[in-house]
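Here is a short note for a colleague who is opening this structure for the first time. Please read the points beside the sequence and the model.

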Amino acid sequence: TRRSSDLPAKKKFEPFKNFESYAETKFEFPKDWDGGFYRLKVRAIANFREPSPESKVQFKVRNGDRSPTSEYQLTMKQSIDRITGWYGVASYLVTQIDYANANADSGTATSYKTLGGTGRVGLGYFSPKTSWGFNGILDHSGFLLGGKALTFSSVEISGLYRVRDLERSEVRFLFGPYYKEIPETIGTSDSISGTDPLTKSYESKKISVFGPHLGAEYWYSLTPKIGFQVNGHLYYSMMKASTPNSQDINPSLSTQFGILGSYKLSDRWTGLIGYTYRKDEIHYKKNDASAIANNIDENYTSVGGNYLNFYCEYEF
């Protein structure tokens, strides 16, 4: 029986080939048979005795080239391979946050370092017949300031394209829209020009933007279980969702780069750990009617950090 590789959701085997009589002790798998999930059932039959109990073995067969060289390369790529279907992701990033802000409306500027982190969860799908797929990611970030936790979120939806016909590596491209929030801590007159506001007074507001996202990931397999990933992501803020003074944003670019080592925990689980650099920036226009610092052209907020990143993928 066979379950086609392009119907993983059915999880149902269908009759494929029936050998009424087979006297060999070795079964050659024909190269022209399609890839998929196969289940072989065998029962010994002889004269003057009862048939033996049925024995079953289930195995997965690769589509396309199944030469020894190809099979070896496939084995070596197992540490980075996500074949088809649905998968989930989860990660946590922890770091010391570098925060900088200049507000033309209040005439103040603040900058400080504090502890922060980001949790991410997502769901995605890769087509079994093509190199295309998609995913959605939700993350929730926060950092401590003056004994309070300031939190902010983002959402991104991406189309995915995989370049898989490489010897022991794979390239994945991501593109789509995103929504991002950043907290703005506006200091008072006693916390200007980079002094530490942790013991000063400040007002916390939130900025949120929409825009396109573009990313790329390079995966390389060192062994059937160990590999690594290098990634880069660009987020271009094009349209405001909200700003503290209701003014429009000035387009700006946020970036994220990382390198992670990967380990294939099982056929379904892949775990990664590594380094990520992330910097979110938002610029928006000052309120000309009430601006105090007219020599500052805009309001600006930046949240950056060098993150320790824990990441895992699960194939359903």
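1. The second largest pocket has a volume of about 790 Å³, a volume being the space filled by probe spheres set on grid points joined across faces, edges and corners. A pocket here is an open set of points on a 1 Å grid over the protein atoms alone, where a 1.4 Å probe fits, with protein on both sides within 12 Å along at least five of seven lines; lining residues have an atom within 4 Å of a point.

2. This is a predicted model, in which local features need pLDDT of at least 70 and side-chain atom pairs count only at pLDDT 80 or more, while totals for chains, interfaces and linings use all residues. Residues are numbered from 1 along each chain as its sequence is written, and side-chain values use heavy atoms, leaving out hydrogens and water.

3. Of the 22 residues that line the second largest pocket, Asn18, Phe19, Leu40, Lys41 and Val42 lie nearest its centre. Strand S2 (residues 36–42) gives the largest share of this lining, five residues, strands being DSSP runs of E with at least two residues, numbered from the N terminus.

4. The largest nonpolar core has 19 residues, and Ile97, Tyr99, Phe143 and Leu145 have the most contacts inside it. Such a core is a set of buried (under 20% relative accessible area, 1.4 Å probe, protein chains only) Ala, Val, Leu, Ile, Met, Phe, Trp, Tyr and Cys residues joined through side-chain atoms within 4.5 Å. Apart from this core lies another, of 11 residues, among them Tyr87, Val89, Leu160 and Trp219.

5. Not counting residues up to four places away in sequence, Phe143 touches Ile97, Tyr99 and Tyr112, among others, where contact means heavy atoms within 4.5 Å. Buried residues make up 41% of the 316 residues in the protein.

How values were computed. Helix = DSSP H or I, 4+ residues; strand = E, 2+ residues; numbered from the N terminus. Buried < 20%, exposed > 50% of the residue type's maximum accessible area, 1.4 Å probe, protein only.
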